[in-house]
Each structure stands twice: as structure tokens, then as C-alpha cells.
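Please look over the sequence and the model shown here before reading on.

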Amino acid sequence: MASRIAGRLFLCVVVALVASTIAFVVLHLAPGDPFTNIDASAGTPPAIVELQRAQRGLDRPIAEQYVRWLGNTARGNFGWSTSKQRPVADVLREAIPRTLGLMGLSFVLSIAFGVLLGAWQGTHAGTRADRWSTFLALITYSIPEFWLAMLLLWWLVPLLPAGGITNDNASYYGTMWQLRDRALHLILPLLSLTLVGTAVIARFQRAAMREVFAELFVRTARAKGLDEPGVRRHALRAALLPVITISGLYFQSVFAGSVFVEKVFAWPGMGLTLLEGIGRRDYNLIAAYVIVGSGMAALGNLAADLLREVADPRLRRA
Amino acid sequence: MIHVAPRTAVARHVGARLCALALATLASCRNGDVPKAATSDVGGTMIIVQPAEPSTLFPPKASQVAEFAVIHSLFDKLADIGPDLSVIGDKGYRPRLATSWQWSSDSLSISFALDPKAHWHDGQPLRADDVKYTFAVYTADSVGSGYKSSLGNIDSVTVRDSLTAVFWFKRRLPHQFFDATYHMYVLPSHLLASIPMSQLGDDPFGRQPVGTGRFRFAKWDAGARIEILADTTNARGRAKLDRVVWTLVHDYGAATIKLFAGEADFYEAIRPDNLPQVARAPALRLESAPALQYGFLDFNLHARGSKSTPHPIFGDVRVRRALAMAVDRPRLVRSVLDSLGSVALAYAPRALIPDTTSLVQLPYNVAAARALLDSAGWTLAPGDSVRTHDGVRLAFEIMAPSSSLTRTRYAALLQEQLRPLGVGISVRILEGAAMGGRVLSHNFDSFLHSWDMTPGRLGMAETWTSAGHDNLGGYASAAFDAKLDSAYTTFDAANSARVWSHVFQQLIDDQPGLLLYEPHTPVAMHRRIRNPPLRANGWYMDLADWSVDPTQRIERDRIGLGSPR
């Protein structure tokens with residue numbers, strides 16, 4: 001088991017490295033660089049621009065830049081962010097916890113609510129309540145996160161803060177006030193991500209429950225006199241397998257969705273940092289984001305596989 | 001309670017109201033114990049919505065408005081240019097770190113007497129060595145400051161005594177004083193001198209600056225906000241506001257919601273579509289903010305990829321003039337900018353044109369434009385929609401940056417307006433760096449450009465003379481170069497205005513770019529904010545004199561002058 005996990009972790013590293021290498025090469029092949037935005041560098045003499053380019057090593061051949069970047073990355077130092085004027089590692093150190101906090105909470109809540117809702121729908125399939133809830137879930141599922149975020153912002157801002165992690169004056173208030181303030185600021189971005197996530201998971205959970213209810217072991221359980229809550233418990237466990245698989249894939253989707261949600265709610269996490277980095281052609285920052293993002297996606301898949309084996313021991317033996 | 005402006009449209013959403021009960025308890029927790037209110041016009045908090053985060057607060061490396069807005073409050077120059085933006089001599093300049101100055105008899109040096117009471121925010125006194133060091137930093141190759149070329153006429157800075165710095169000039173020019181005072185914010189040598197010049201731009205000082213301004217730096221929450229506080233011991237008096245916070249909101253929609261919800265007090269990037277909404281908001285007002293900006297279609301006068309072969313279309317001045325005559329520029333301004341713009345009169349904003357009445361504009365006359373193209377050999381074959389000349393089609397590409405809504409709209413409208421003339425235009429919207437890459441490698445036909453000018457029109461040497469490094473279209477005219485040189489060396493104000501008219505007229509006649517618009521950029525701000533008139537060289541110029549109406553204070557104004565935890 002341990003060697004298998006180690007093997008998968010090694011694969012995660014390979015995936016992250018390959019993805020970031022592709023990102024690095026593609027970015028460098030695109031026309032322009034961090035210093036060619038004439039709106040931003042107007043008035044700066046070409047000699048100075050060349051000097052700035054040389055200071056950042058952008059005047060070197062792409063292969064040399066790649067080797068240097070690879071060396072920095074191996075040492076855990078992702079180089080210098082040209083858009084933030086500070087080490088990329090410092091930028092990530094601040095941004096990653098903010099994104100993981102939002103994403104992780106949303107992911108857990110999406111799974112919890114999605115499984116509960118889907119299971120309930122599956123056991124009440126065909127009823128009016130099921131049809132309505134399925135319809136609403138479908139609508140939510142169809143709405144892009146950023147659009148839902150804008151709608152929520154528009155509807156709820158009189159009651160909730162418009163954006164950011166805290167109030168702009170929060171640091172002048174007491175600890176309890178700050179905690180409540182953080183909670184208030186968390187609601188809208190969390191709601192944007194969780195509503196969509198819940199709808200996604202619920203759809204799969206409902207379908208899985210319906211399939212499982214048609215299985216012979218459910219009929220057998222009922223025939224043996226097991227009460228209905230007991231039957232549902234057994235059915236739910238069996239119906240969790242496809243949902244766990246989907247959760248692994250959904251993890252990446254939350255990560256991508258958080259980019260736009262962070263933008264709308266001015267949540268200074270990785271997504272917002274990435275958008276800024278793209279806008280200012282910050283090679284090192286974008287490549288670092290790709291490493292972290294693809295690594296997290298691969299880890300999400302690994303976690304899903306392990307959870308599937310926990311839920312169904314037969315998979316472990318396979 | 002934190003002030004929240006009412007928004008009637010939202011109140012209509014009954015569904016949202018259901019959440020109110022659940023959230024009301026939590027929301028009520030937004031109350032907090034705060035210190036007592038300040039009195040008079042001193043005190044208060046202003047929150048500014050900022051669409052982009054500054055990269056650095058180290059003045060020599062700053063280049064964006066977002067950076068200067070903060071830097072200008074934290075650092076000082078020796079003197080500040082007057083409201084009329086005159087750059088001839090020292091007329092109208094206001095003392096800042098220098099309390100007085102004296103010209104030498106040959107006008108080749110100016111000695112600045114520093115304010116003996118001025119000190120850095122860390123308590124150290126300001127010294128003439130700081131001024132000398134500042135000049136060394138701004139002009140060092142290893143620092144890579146974009147302002148080095150603007151300081152080319154300053155030979156050196158010396159220290160006469162601890163409170164007197166002397167600027168020595170290479171050549172006597174009308175704008176010597178401007179050169180010495182406009183570009184450089186004085187830096188603390190006692191904090192920076194031990195750092196190698198090549199590392200100054202990357203030093204943490206750029207994120208925790210120490211200046212002499214009437215505000216001092218408080219904190220920078222990366223990606224979230226920058227906060228400055230009034231410096232209560234400043235030699236020129238404390239800033240009236242207790243605190244200014246730049247809160248970073250990248251999304252335009254989210255930024256406006258923050259403004260309308262009362263969470264922010266000031267937003268400078270309001271779009272025409274939202275003006276009626278701002279006008280209706282009881283807590284907000286609009287204020288006109290002059291800008292030193294103009295927009296135009298920059299023609300590449302050389303063939304793509306070449307610096308010498310004339311462009312097959314724009315190499316001919318008659319074509320450029322015909323295109324200018326065929327564009328209804330007032331209509332374009334109305335369509336794109338509504339009331340937030342004017343037609344550009346010359347290759348500078350009105351505020352920098354000494355005499356606009358003497359300029360002879362090309363008329364809007366489509367028939368004359370057609371005739372001019374015909375006479376230049378660009379004819380329309382029967383059944384064809386695009387003119388040709390010697391097998392070359394009168395078709396070209398307009399590039400516009402995706403970040404500018406104004407310029408992308410202009411590109412589409414120019415395409416439409418020039419089509420009836422027999423001009424084929426393809427529009428290409430590109431991300432800023434990609435467009436810049438093509439422009440800098442001369443691989444373009446034309447692009448929509450916008451220049452932010454500095455007072456004194458000194459940048460025109462770089463943008464339009466044959467040796468100018470920002471002359472992206474490759475315009476070259478010996479007559480223009482000579483006239484501009486005369487304009488820069490004319491001391492008498494009346495004569496200077498006349499010479500400048502010749503300079504601008506030469507450009508209008510040659511049409512190196514199709515003049516389009518001058519944006520007016522009204523800012524939206526909370527009604528309780530009081531401010532001196534906004535200045536064309538930056539709305540933030542007099543931020544230390546902004547205040548909050550004592551009768552309209554809201555919760556955040558009563559926080560008082562503490563330090564953030």
C-alpha cells in the first residue's frame with residue numbers, strides 16, 4: 001500500500017512538472033514579454049527596458065531560462081515575480097492558504113450537502129419534491145460560478161460585505177469582531193462555489209442511488225425485513241463509489257472555478273494572483289501556479305482512489 | 001455600525017430578504033467598540049477602490065498611476081509644480097522639502113534650501129545628502145529607473161551644507177527647475193545607501209517605504225489593501241484624513257457594487273454606463289478629473305518589419321490626411337465616451353496646448369477625402385469595395401489592447417466609418433504584452449494608442465522626433481524636430497506659446513497618427529469627502545488636504561488615529 005502511494009505521489013510530481021514545462025514553453029513562445037506592454041512601459045528608454053529584461057534573465061535563450069527555472073523550482077524557489085516585484089515563493093505562501101481555505105471548505109460542504117441531497121432525491125425519486133429539487137439543481141449546475149457569484153453579489157451585498165477577506169478597517173477592532181468579520185466575508189464566495197458543487201454532486205448521487213435501489217441486494221435486504229433507514233444506509237454506501245470518483249475530478253473543477261470567484265469577490269488567493277500574472281505576462285508566477293494546480297489535481301485524484309478503496313475493499317484486492 | 005448606503009433595486013428581491021433574518025444577527029456583529037470621534041475637519045477614513053495592485057512603492061521604479069497615488073502621499077519632492085502646470089522657470093512652484101531656492105547668476109545651478117524641520121517617518125532628519133543620493137539612484141544604470149532620461153540635463157547634485165543641495169545643469173533651458181523637481185521623490189539615504197544599487201528595486205523597502213510625506217506607510221496586505229496614516233509630526237502639518245486605504249478589487253462590477261454599498265468612498269475608473277447610477281446614488285457624487293491623456297490611431301510609417309522602407313499605405317501623407325478627413329471624430333467621441341471625452345485637438349491634451357485657437361484642423365469632409373485618395377492614385381475599381389494603387393489594396397490592420405474598452409470600441413467604429421471610403425480594415429484585439437511585442441518589433445500597420453503626458457510636453461521629444469525612443473510609428477520630420485527644439489529652448493512665455501503652435505500644426509499637417517479623443521475621467525466619491533480641485537497631473541496630488549465633513553461622519557471615520565494590529 002505504502003509503495004503504491006509513493007508511486008502515485010511520484011506520478012503527481014511528474015504530472016506537475018510536465019504541465020508546468022508545457023506552460024513555461026507555451027508562455028515563452030507567445031509574442032511579447034513582461035516588458036513589452038507599451039501602456040505600462042511608455043516613456044522608459046529601450047536601454048532601460050533591455051537592462052530590466054537582462055536583470056530577470058529574459059534576454060537569455062529559452063533553453064537556458066528553462067534550466068534556470070527548473071533549478072530554482074527544484075530548490076523550492078520559484079524565481080522572481082515581475083508583476084509583484086517579490087519572490088514567487090512569498091506570493092504563493094500568502095495566496096495558497098487563502099485559496100485552500102476557501103476551496104477546501106467549499107469542497108467539503110459541496111460533498112456533504114450534495115451527498116445528502118442526492119441520497120434524499122434518490123430515495124424519493126419521481127415525487128414532486130424530487131422533480132422540483134432536481135430542476136433547481138440542474139439550473140444551479142448550469143450556471144457558471146462567476147455568474148452565480150455576480151448574482152449573489154448583487155442580491156446579498158446590502159446584508160453581506162461585497163468582497164475581500166476582511167473589512168478594510170478590521171485590524172482596528174477586537175479579536176471576536178474580526179472573527180465574525182471573516183465569517184461574513186466568507187459567506188458569499190463560499191456560497192458561490194458550494195451551490196454549484198452541491199448541485200453537481202447531488203446529480204451523481206441521485207443517479208447512483210436509483211441504480212443501487214434496483215440492485216438485488218436491496219430487494220434481499222427488504223425481503224429479510226431490514227427497516228427502510230437500514231436499507232438506505234446500505235444503499236448509500238454502495239452508491240458512494242461513483243460519487244467519490246466524481247469528487248476527485250470535481251476537486252480540479254473547484255480549483256478552476258475559484259479563479260473567477262476570487263476575482264469577483266476580490267479574494268486575494270491563487271486565482272486572483274494568476275489572473276494578474278497572466279495580465280502582466282509574469283512567467284514565473286504562472287508556471288508556479290500550474291505546478292501547484294496540477295499537483296493538487298493529481299493529489300485529488302489519488303485521494304479519491306484511496307477513498308474508493310476504503311469504501312469498497314474489493315477494489316483493494318483487485 | 002458600518003455605513004451601508006441604501007439600494008432600492010436590491011430591496012425588491014424578496015428572496016434575498018429571507019436570508020436577512022439569518023444574517024442579521026451575524027451582520028449586527030459588525031458593530032465594534034471604536035475610539036471617540038475626531039472633531040473639526042481633521043480625522044476620518046477614506047477607502048479608495050483600486051483595480052490593480054501596485055508592484056512597488058519604491059519611487060524610482062514606479063510607473064503606474066496605482067503606484068504614484070500611494071507614493072505621492074508618502075514621499076516628497078523638493079517643490080511641487082503649480083496648478084497651471086507651467087514648466088518655464090520656477091513660476092508657480094510650491095515649496096515642499098525645499099523651503100526656498102536660489103538660481104546662480106548664469107542659471108546653470110540652483111541651490112535648494114531644505115526645510116530644517118523636515119524628517120523621515122523613522123524620526124531621522126532630512127539632509128542634503130539624501131537629495132544627492134536620490135539623484136544618484138535615479139540616474140544609476142543598475143537601478144534601471146525609467147526617469148533617467150528625463151534627468152539628462154542635470155550634470156550633478158552636490159551638497160553645500162547639510163541643508164543645502166545644489167543642482168548643476170549642462171545647459172540653460174526653460175525647464176531646468178522642472179527637471180530638478182518633478183521626477184524625483186527624495187529617498188532616505190540613511191536606510192538605502194548600504195544596499196547595492198542593483199538590488200534597490202528588489203529590496204523590501206519597496207513594500208515598507210519610509211518617506212517624508214504628510215502620510216506615513218502603515219501596512220500592505222498583499223493582494224488586499226494598502227493603508228497609510230496621517231503623519232502627525234510632519235513639518236508641513238499632518239494630513240487632514242486619519243487614514244487612507246486602497247482596497248484592491250480587480251473586477252469592475254464588484255468594484256462598483258462596493259462603491260454603491262458604501263464600503264468604499266472613491267473610484268476613479270467609473271465607466272459612462274454607470275454615470276446615471278452614480279448620479280442617482282444619494283451618498284455619492286461625481287467630480288470632473290482633468291487628465292493629461294489623449295488617444296489616437298498610430299500609423300506605422302514604415303513597411304512591416306522595416307525601419308527604412310516606407311509603408312505602402314501610410315508612407316504617403318496624402319493617405320493619412322484623407323483618412324483623417326473621412327473620420328467623423330465628434331460622432332466617435334459621442335458613441336464611445338458619451339460626455340466623458342472631447343475630440344483631441346492636437347498631439348497633446350488641451351491642458352498642455354498653450355493656444356488652441358491658432359491650430360488649423362483638417363476638416364471632416366468625406367468628399368474631399370475621396371478626391372484626395374483619387375489624386376494620390378488610390379482608386380476604386382468597379383465592383384470592388386476596397387481601393388487599390390499599383391496592385392496594393394487600401395487595406396490594413398488596426399490593433400487594440402483587450403484591456404481598453406474605449407480603444408476596442410474605437411477600432412470597430414473606425415472600421416465602419418472608413419468602409420464607405422473604400423478602405424478595408426481588419427480589427428485585431430490583443431492582450432497588452434502581445435500587442436506591445438508586435439509594435440516594438442515594427443510588425444504592425446496601425447494601433448490604437450493612448451499617451452499620458454507629463455507637464456511641459458517634454459515627452460514629445462521621445463514620441464515624435466526622429467530620434468525619440470517612443471516614436472513607435474517611425475515619424476521623421478526635420479522641420480518638426482527643429483521646431484520642437486525651438487519650443488524647448490524658448491524662455492519667453494508668449495513666444496513659447498507661438499512656437500508650440502507651430503510644433504502642433506506641423507504634426508496636424510503631417511498626421512503621423514489619426515487624432516481621436518481626450519478622455520474626461522470623472523471620479524465617483526462619497527459626498528462626505530471634501531477635496532481641493534482635482535489636478536490634471538494626478539487626482540491624488542493634494543490628498544493630504546482632503547477631509548471628511550464633520551457633520552457627515554460614518555462609523556469608519558470615528559476609528560481615530562491608531563495603528564493597525
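## A four-stranded sheet in chain B

In chain B, four strands with antiparallel pairing make up an open sheet whose order is β4-β5-β7-β6; helices (H or I, at least four residues) and strands (E, at least two) are DSSP runs numbered from the N terminus, and two strands pair if DSSP finds at least two bridges between them. Because β4 (98-103) and β6 (154-161) of chain B stand at the edges with a single partner strand each, one side of each is left without a neighbour in the sheet. From one strand to the next the twist averages 20°, where axes are lines fitted to C-alpha atoms, for helices over the stretch in contact, and angles run from 0 to 180 degrees between N-to-C directions.

The antiparallel strands β6(B) and β7 (residues 164-169) of chain B are joined by six bridges, and B:T158 stands opposite B:V166 in β7(B). Helix α4 (residues 128-139) of chain B packs on this sheet, where it touches β5 (109-114), β6 and β7 of chain B, and its direction makes about 165° with that of β6(B); contact here requires C-beta atoms, placed from the backbone, that lie within 7 Å.

This is a predicted model, in which local features need pLDDT of at least 70 and side-chain atom pairs count only at pLDDT 80 or more, while totals for chains, interfaces and linings use all residues. Residues are numbered from 1 along each chain as its sequence is written, and chains are lettered from A and ligands numbered from 1 in the order in which they are written.

## A seven-stranded sheet in chain B

Chain B also has an open sheet of seven strands with mixed pairing, in the order β8-β9-β10-β1-β11-β21-β12. Its edge strands, β8 (215-221) and β12 (284-287) of chain B, each pair on one side only.

Six bridges link β8(B) to strand β9 (residues 225-230) of chain B in the antiparallel sense, with B:K219 opposite B:E227. These two strands form a hairpin with three residues between them, and B:G223 in the turn has a positive phi of about 80°. On to strand β10 (residues 243-248) of chain B, β9(B) pairs in the antiparallel sense over five bridges, and here B:E227 stands opposite B:V245. Six of the six residues of β9(B) are buried, that is, 20 or more other C-beta atoms lie within 10 Å of their own.

## Nonpolar cores

A nonpolar core is a set of buried Ala, Val, Leu, Ile, Met, Phe, Trp, Tyr and Cys residues joined through C-beta atoms within 7 Å. The largest has 163 residues, of which A:L153, A:I201, A:A288, B:I48 and B:A254 touch the most other members. Helix α10 (residues 228-264) of chain A gives the largest share of this core, 15 residues. Apart from it lies another core of 70 residues, including B:F299 and B:W378.

## Where the chains meet

In the contact between the chains, 60 residues of chain A are in contact with 64 residues of chain B. The side of chain A that touches chain B has 34 nonpolar, 16 polar and ten charged residues, where Ala, Val, Leu, Ile, Met, Phe, Trp, Tyr, Cys and Pro count as nonpolar, Asp, Glu, Lys and Arg as charged, and the others, Gly among them, as polar.

Definitions and conventions:
Contact = placed C-beta atoms within 7 Å. Buried ≥ 20, exposed ≤ 12 C-beta atoms within 10 Å, placed from the backbone.
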